[in-house]
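Open the model in your viewer and keep the selection panel at hand. This tour goes stop by stop, with something to select at each one.

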2 protein chains.
Amino acid sequence: MPPALPWTVRLEDDKVVLIDQTALPGQLRFVECRDVECVARAIETMVVRGAPAIGATAAYGLALVAIASSSMDARGLMEDLEAAAARLRRTRPTAVNLFWAVERVMGAARSASGSGDPEEIRRAVVSEAERIAQEDVEANKAIGRHGAELIEDGMTVMTICNAGTLATVWYGTVTAPIYMAWDEGKRFSVIALETRPVLQGARLTAYELHAAGIPVTLIVDGAAAHTIREKGVDLILVGADRILRDGTVYNKIGTYSLALAARAHGVPIFSVAPTSTFDLKSSRSDVRIEERRPEEVTTVRGVRIAPEGIDVYNPAFDMTPPHLLTGIVTEKGILYQPLWLTIARAFNISTTAGH
Amino acid sequence: MPPALPWTVRLEDDKVVLIDQTALPGQLRFVECRDVECVARAIETMVVRGAPAIGATAAYGLALVAIASSSMDARGLMEDLEAAAARLRRTRPTAVNLFWAVERVMGAARSASGSGDPEEIRRAVVSEAERIAQEDVEANKAIGRHGAELIEDGMTVMTICNAGTLATVWYGTVTAPIYMAWDEGKRFSVIALETRPVLQGARLTAYELHAAGIPVTLIVDGAAAHTIREKGVDLILVGADRILRDGTVYNKIGTYSLALAARAHGVPIFSVAPTSTFDLKSSRSDVRIEERRPEEVTTVRGVRIAPEGIDVYNPAFDMTPPHLLTGIVTEKGILYQPLWLTIARAFNISTTAGH
């Protein structure tokens, strides 16, 4: 069964329509944005989240500017687009797909600006944004075809956070092999880590898998290692917000703990992500891990759970070194160890500085 | 500075007075019990929790029966006490201190019952319960004296759950070295894991350390491994609900994950517990890990965070194998590796079946 949900983000005439992920699992409702500031805030407040979904949403944010800009000439429109791109880049620093998607759309705009025709820039921006969204869905289905081979009847698959249809335009990354294997008639179950502080596992992954009729069991994050040992877990699939050329994976906080538990119990663990998640230029020291506001930890859905006046450390992501991973599932296939080598081959780059 | 809180549990005339830990950190209020059913429910609903506090509370529950029983003869009173003991043993299966405390009080009652005088049984039960509570505070101070030697100026100490004054009659187990070292003038900081699902770290540990003026930083459980790597943690102290003769530690869910992270980064990790927490007779297959209701995971403080209809696995505790521990801090001193040997020596038992 495919996802029971519509596209996470879509362009409808002059507005971007987003599933409001802050309202899930209680309500399925939508946020409509008519300007880029609304889109930027939707990213910042996690109305939309998940690296690929953020990328497509940012691209659509630029499309909104192209559609709505009152600039009558190409230069004015390009300035509006550059300002919007700068605003969007400031929303979330870790997800590389954001920068990648903004760059793609701006590249298309710059190419078209040579014509001096604002209409041509508009068309180029809108169609590049649409292409990014379409390609995301295509990439996820290809990820699903490759990744479904890892899943067998009777397995227990564990995942953290939500790298589901809700983290992408549609179909998901981690969930792509799950939806695809289920479609192929394989029967298995999924264990979802709730994923504090924002509870994407409890609120989104449990919701979308349950809606699709796939059995899902929810656990708290601290129960992961114990559950692996006591219940038996056959496969762990995690998303990625950024992957470096040596295979270093930045993903939701808790992924590194989970990878250590996987290693301790010999459970295969794959990061599942489209190639747009790869950052081949940066090294670890270049990557800034976003720290979010303390209230995400000290309150849950508006209810205070900690005393006033204490300190909070709230990194949104963590870093998992490549040696802890079994491989990386991409739309181009499954990359196995040594990751620095298989990544270099997949991207056709030199291996000399790759590890 | 000592704990800023009164005793977690005390006997006041004909009632047991408990700090209501379900109301923290919002409010410091008290629950008063006049019968054993009220005490049993307070344990089940986690008004009082923490292995040593549960033990003392159960002992006081028996004291209430002794004080309030309408039985006029020794045999009737003993029957009332046996029924109350059976009720109390059913409350929480993992905390060994519960069974230990009930056995101690019932042993005192049985000895006194030889006299045939119900008054003598009453006196024996009440004074044994008082002794258990007093000894708990004494043991914690001794734990503090031994454990404070592990703490140096400038250190960062990490802990999970609440093994604080609130988990004991007073002073705590994990917090005993912390309060003691702070009293000695050492200055350091504590990182508390929030400890889902019941959030004892956020609600109780952060609360009691902050109330005592000790700097505390709160993190989500999934951030533990990342925080150890990125921030540097010098010492990890965890409590225990049951310790076997080979050094296997049963403690709050998440402890095993934390121990794996400690091992990966070479951070010393000690379980801190009084000798009443040791279960020298059981093996791992004898220990039942309590599974609690799904609502602890699917709701937070009454707010729903997961969809209806999904499965939940909610073990309250996990098992940490002895090889992951650096040692165990008890009121008798610090037991180092090999734990099967140091435990055997501390308890004066044979080592032949100890490992």
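This is a predicted model: local features need pLDDT of at least 70, side-chain atom pairs count only at pLDDT 80 or more; totals for chains, interfaces and linings use all residues.

**Stop 1: the contact between the chains**

Select chain A and chain B together. About 4100 Å² is buried between chain A and chain B. Carbon and sulfur atoms give 68% of that area. Now pick out A:His226, A:Ile305 and A:Tyr313. These three supply 16% of the area that chain A buries against chain B, more than any other three residues.

Next, look for charged partners. The rule finds two salt bridges across the interface of chain A and chain B. Select A:Arg196 and B:Glu194, whose side chains meet in a salt bridge at 2.6 Å, N to O.

**Stop 2**

Select strand 6 of chain A and strand 14 (residues 311-312) of chain B. The two strands run parallel, and two bridges join them. Zoom in on A:Thr217: its bridge partner in strand 14 of chain B is B:Asp311.

Eight strands form an open sheet in the order 17(A)-16(A)-10(A)-7(A)-4(A)-5(A)-6(A)-14(B), with mixed pairing. Why is one side of strand 17 of chain A and of strand 14 of chain B left without a neighbour in the sheet? Both stand at the edges, each with a single partner strand, so one side of each has no neighbour there.

Strand 10 (residues 269-272) and strand 16 (residues 327-330) of chain A run parallel, joined by three bridges. Find A:Phe270 and follow the pairing to A:Gly327, its bridge partner in strand 16 of chain A.

Select B:Val272 and B:Val329 to see one pair of bridge partners.

**Stop 2: two domains in chain A**

Hide chain B for now. Colour domain 1 (9-142) and domain 2 (149-347) of chain A separately. Their centres, taken over C-alpha atoms, are 25 Å apart. In the contact, 32 residues of domain 1 of chain A meet 35 residues of domain 2 of chain A. The two domains bury about 2800 Å² between them, 57% of it on carbon and sulfur atoms. Select A:Arg49, A:Thr94 and A:Asn140. They supply 22% of the area that domain 1 of chain A buries against domain 2 of chain A, more than any other three residues.

How many salt bridges does the rule find across the interface of domain 1 and domain 2 of chain A? There is one. Show the side chains of A:Arg92 and A:Glu290, which meet in a salt bridge at 2.9 Å, N to O.

On the domain 1 side, highlight helix 2 (51-68), helix 4 (96-113) and helix 5 (118-147) of chain A, the elements that give two or more residues. Helix 5 of chain A gives the most, with seven residues. This side has 20 nonpolar, seven polar and five charged residues.

**Stop 4**

- Select A:Leu24 and A:Pro25. The peptide bond between them is cis, with omega near 5 degrees. A:Pro25 lies in the loop between strand 2 (15-19) and strand 3 (30-33) of chain A.
- Select A:Gln337 and A:Pro338. This peptide bond is cis too, with omega near 0 degrees. A:Pro338 sits in the loop between strand 17 (333-336) and helix 11 (339-347) of chain A.
- Select A:Tyr171. Its phi is near 85 degrees, a positive value in a residue other than glycine. A:Tyr171 belongs to the loop between strand 4 (156-159) and helix 6 (175-183) of chain A.

How values were computed: Residues are numbered from 1 along each chain as its sequence is written. Chains are lettered from A and ligands numbered from 1 in the order in which they are written. Side-chain values use heavy atoms; hydrogens and water are left out. Buried area is the accessible area (1.4 Å probe) that two parts lose on being put together, summed over both. A salt bridge is a side-chain nitrogen of Lys or Arg within 4 Å of a carboxyl oxygen of Asp or Glu. Two strands pair if DSSP finds at least two bridges between them. Helices (H or I, at least four residues) and strands (E, at least two) are DSSP runs, numbered from the N terminus. Domain bounds come from an automatic or database domain assignment. Contact means heavy atoms within 4.5 Å. Ala, Val, Leu, Ile, Met, Phe, Trp, Tyr, Cys and Pro count as nonpolar, Asp, Glu, Lys and Arg as charged, and the others, Gly among them, as polar.
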